[in-house]
Amino acid sequence: QVQLVESGGGLAQAGDSLRLSCAASGRTFSSYVMGWFRQAPGKEREFVGVINWTGGSTYYADSVKGRFTISRDNAKNTVYLQMNSLKPEDTAVYYCAAGRVYRVVRPTLYDYWGQGTQVTVSS
């Protein structure tokens with residue numbers, strides 16, 4: 001069992017940066033790939049990016065590539081989402097998720113989810 005808690009969301013203006021954190025419980029954090037997803041009102045949950053078990057490889061959605069960066073610190077059981085050059089269309093609830101297979105974009109294939117943190121970007 002893995003429990004995930006996101007933090008770091010809030011209000012931002014277009015062009016600003018925010019860093020989200022996702023703290024995991026348990027001693028098996030490094031055995032999971034960690035994904036970030038987001039969900040805007042009235043829309044389906046959308047893949048943002050994923051990082052592999054060691055942090056040596058990442059994979060991003062085209063909509064955030066070059067602006068968002070995922071990193072992880074296995075010693076701290078934490079994964080991060082650095083969001084730069086924010087746009088109003090980035091407004092959503094952001095979720096971290098733990099899974100077993102790398103480069104999976106379907107939410108249903110992730111095993112554990114956090115409760116989400118709201119990010120609102122104004123123009």
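Tyr32 is buried in this predicted model, with a relative accessible area of 5%. Its ring pairs with that of Tyr112 in an edge-to-face arrangement.

**Aromatic rings**

- The count of aromatic pairs comes to 8.
- For Tyr32 and Tyr112, the ring centres are 5.9 Å apart and the planes make an angle of 80 degrees.
- Tyr32 sits in the loop between β3 and β4 while Tyr112 belongs to strand β10, so their pairing ties together parts that are 80 residues apart in sequence.
- Phe47 and Tyr59 form another pair, with 5.8 Å between centres and 35 degrees between planes, so this one is tilted.
- Phe47 comes from strand β5 and Tyr59 from strand β6 (residues 58-60), so here the parts tied together are 12 residues apart in sequence.
- How accessible are these two partners, Phe47 and Tyr59? Phe47 is buried, at 10% relative accessible area, whereas Tyr59 is partly exposed, at 27%.
- Phe47 and Tyr59 also belong to a cluster linked by ring pairs, together with Phe37, Tyr95, Tyr110 and Trp113.

**The nonpolar core**

- In soluble globular proteins, nonpolar side chains tend to be buried together.
- Here, the largest nonpolar core has 37 residues.
- Which residues have the most contacts inside this core? They are Leu4, Met34, Trp36, Leu81, Met83 and Tyr94.
- Strands that each supply at least two residues of this core include β3 (18-24), β4 (33-39), β8 (78-83) and β9 (92-99).
- The strand that gives the most to the core is β9, with 5 residues.
- Take Met83 as an example: leaving aside neighbours within four places in sequence, Met83 is in contact with Asp16, Ser17, Leu18, Leu20, Arg67, Phe68, Tyr94 and Val119.

**A buried charge: Glu6**

- Glu6 is part of strand β1 (residues 4-7).
- Glu6 is buried but has no salt bridge. The nearest side chain of opposite charge belongs to Arg45, 7.5 Å away.
- What does the side chain of Glu6 reach instead? One polar atom of this side chain lies 3.0 Å from the backbone nitrogen of Gln115, and the side chain also reaches the backbone nitrogen of Gly116 at 2.9 Å.
- Not counting residues up to four places away in sequence, the residues that Glu6 touches include Trp36, Tyr94, Gln115 and Gly116.

How values were computed. Residues are numbered from 1 along each chain as its sequence is written. This is a predicted model: local features need pLDDT of at least 70, side-chain atom pairs count only at pLDDT 80 or more; totals for chains, interfaces and linings use all residues. Side-chain values use heavy atoms; hydrogens and water are left out. A nonpolar core is a set of buried Ala, Val, Leu, Ile, Met, Phe, Trp, Tyr and Cys residues joined through side-chain atoms within 4.5 Å. Buried means under 20% relative accessible area, exposed over 50%, partly exposed in between (1.4 Å probe, protein chains only). Helices (H or I, at least four residues) and strands (E, at least two) are DSSP runs, numbered from the N terminus. Contact means heavy atoms within 4.5 Å. Lys and Arg count as positive and Asp and Glu as negative; His and the chain ends are not counted. A salt bridge is a side-chain nitrogen of Lys or Arg within 4 Å of a carboxyl oxygen of Asp or Glu. A polar contact is a pair of N or O atoms within 3.5 Å; within protein, one must be able to donate a hydrogen and the other to accept it, and residues adjacent in sequence count only if both atoms are side-chain atoms. Rings of Phe, Tyr and Trp (its six-membered ring) pair if their centres lie within 6.5 Å; planes under 30 degrees apart count as stacked, over 60 as edge-to-face and the rest as tilted.
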